[in-house]
Amino acid sequence: MDMKILVVNAGSSSLKYQLIDMADERVMAKGLCERIGTEKGHIKHSTSDGRVYEADADMPTHSEAFDCFVAALTSDEYGVIKSMSEINAVGHRIVQGGAIFHQSELINEKVLADIDQLSELAPLHNPAHVLGIRACVKCLGEHVPQVAVFDTSFHATMPATSYMYALPYEYYEKYQIRRYGAHGTSHRYVSDRCAEILGVDKKDIKIITCHLGNGCSITAVKDGKCFDTSMGLTPLDGFMMGTRCGGIDPSAVTYIMDKEGLTPKQMSDIMNKKSGVLGVSGVSNDNRDVTKAAEEGNERAKLACDMQVYQIRKFIGSYVAAMDGVDAIVFTGGIGENDSRTRREVCAQMNYLGVKIDEALNDTVHGKECILSTDDSRVKVLAIPTNEELAIARDTVALISK
């Protein structure tokens, strides 16, 4: 099919994009705008013929990051299209679809309003999605289809025992308070790809997928479907992330609010934007900066690294118990794909599962597909770069073709 699909994938502090020629699913150009909201943003843009553009840029919000990559895509020196009018449709990764969206949707004002309405469930993401969508519409025109692909869709198969909270049932009935999860497009892609690499039917394998980046989540995949996932009503739940605290005693929230005289919005900002690896280390929300500080002797940075590894290992263990076993563990996301230390330390104390990785091989794997486990490992361990963009592009084509 001769279509050019632009895929926009906004993270809490990053914005990835790909322009894909769907005739052969070839990536014409791709890039990453990262460290959005920090003092020095950065863009790296590359084309299929090997041209690379990299520069620091002022990116206080996702809107400026969008402007940066549009300029790169259409530039004389590094671009692959003359103008944005060559793009047939845009697929947007949307973190939170709540109880409203259970499948991908063509975007109109009603859909956009609903995505915005769900911002309180994904305060670091959905507002950025809305900005990105409006910027796309302004740039491309209303005649170009925009498609929303929701991270929560993959998690819709969870049983009630996984998604319900032990709160009064009336809050589920009135407000749909439940576990929704996130990173679903990534978990769907890498779990499917894991089964392909191992040469087995995805319905015959139990997989635990670890999406580790500035935002982190772990998902138990059984019979090819999501069985449980670490993120909850919002992407704040689970284990510690770049700036998010993950699961903590709920009483700690009310206790701090009482002591500090905080509003719910102020407390939400602390838990979403000032906690996690940043809050513990006092150094940065970026794994690379914190690891470097730990290696240089910063004790708080080392504590943050150790805590995150410990919590990842605990979640994996709980999902092994929940699924009555595991056949494969997958690492993906910026940290999962590139940080050999995190992978090594997570796997180091899983002897009870018979997990063994080739440490020399692991140290060489950065951003590529690889089976990291040894031949005699009872559980396969893989690094699989996520390709949410391709999954989103396929959904976009399927929807607009109807």
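Serine 162 sits in helix α4 (residues 160-163). Helices here are DSSP runs of H or I with at least four residues, strands are runs of E with at least two, and both are numbered from the N terminus. Serine 162 is buried because its relative accessibility is 9%; buried means under 20% relative accessible area, exposed over 50%, and partly exposed in between, with a 1.4 Å probe and protein chains only. Arg179, Phe227 and Asp228 are in contact with serine 162, leaving aside residues up to four places away in sequence. Contact means heavy atoms within 4.5 Å.

The model is predicted: local features need pLDDT of at least 70, side-chain atom pairs count only at pLDDT 80 or more, and totals for chains, interfaces and linings use all residues. Residues are numbered from 1 along each chain as its sequence is written, and side-chain values use heavy atoms, with hydrogens and water left out.

Most residues other than glycine have a negative phi. Glutamine 176 has a positive phi, near 55°. Glutamine 176 lies in the loop between α5 (169-175) and α6 (184-198), and its relative accessibility of 32% makes it partly exposed. Aspartate 223 also has a positive phi, near 60°. Its loop runs between β10 and β11 (225-229). Aspartate 223 is partly exposed, at 43% relative accessible area.

Strand β4 (residues 41-47) is largely enclosed by the rest of the structure, because five of its seven residues are buried. Strand β3 (residues 26-34) pairs with β4 in the antiparallel sense over six bridges. Two strands pair if DSSP finds at least two bridges between them. Leucine 32 faces lysine 44 of β4 across this pairing. Six residues separate the strands of the β3-β4 hairpin, and arginine 35 in the turn has a positive phi of about 60°. On β4 there is also an antiparallel pairing with strand β5 (residues 52-57), over six bridges. Histidine 42 has aspartate 56 in β5 as its bridge partner. The hairpin of β4 and β5 has four residues between the strands, and glycine 50 there takes a positive phi near 95°.

The largest nonpolar core holds 34 residues, of which Ile208, Ile316, Ile329 and Val355 touch the most other members. A nonpolar core is a set of buried Ala, Val, Leu, Ile, Met, Phe, Trp, Tyr and Cys residues joined through side-chain atoms within 4.5 Å. Two or more residues of this core come from each of β9 (206-212), β10 (216-222), α11 (299-323), β12 (328-332), α13 (340-348) and β14 (380-383). The largest contribution is that of α11, with six residues. Isoleucine 329 touches Ile208, Cys210, Ile316, Met350, Val355, Val379, Lys380, Val381 and Leu382, again not counting residues up to four places away in sequence. Another core, of 26 residues, lies apart from it and includes Val8, Ile36, Phe66 and Cys136.

On a 1 Å grid over the protein atoms alone, a cavity is a set of points where a 1.4 Å probe fits but cannot get out; a pocket is an open set with protein on both sides within 12 Å along at least five of seven lines; lining residues have an atom within 4 Å of a point. Grid points are joined across faces, edges and corners, and a volume is the space filled by probe spheres set on the points.

The largest pocket has a volume of about 1,600 Å³. It is lined by 49 residues, with Lys16, Leu32, Glu34, Gly334 and Asn338 the closest to its centre. Two or more lining residues come from each of β2 (14-21), β3, β4, α10 (287-295), α12 (333-338) and α15 (388-401). The lining comprises six nonpolar, 28 polar and 15 charged residues. Ala, Val, Leu, Ile, Met, Phe, Trp, Tyr, Cys and Pro count as nonpolar, Asp, Glu, Lys and Arg as charged, and the others, Gly among them, as polar.

Leu233, Thr234, Leu236, Val253 and Met271 are the closest to its centre among 27 lining residues. Helix α8 provides the largest share of this lining, eight residues. By class, the lining has 15 nonpolar, seven polar and five charged residues.

Three cavities reach 30 Å³ or more. The largest cavity has a volume of about 60 Å³.
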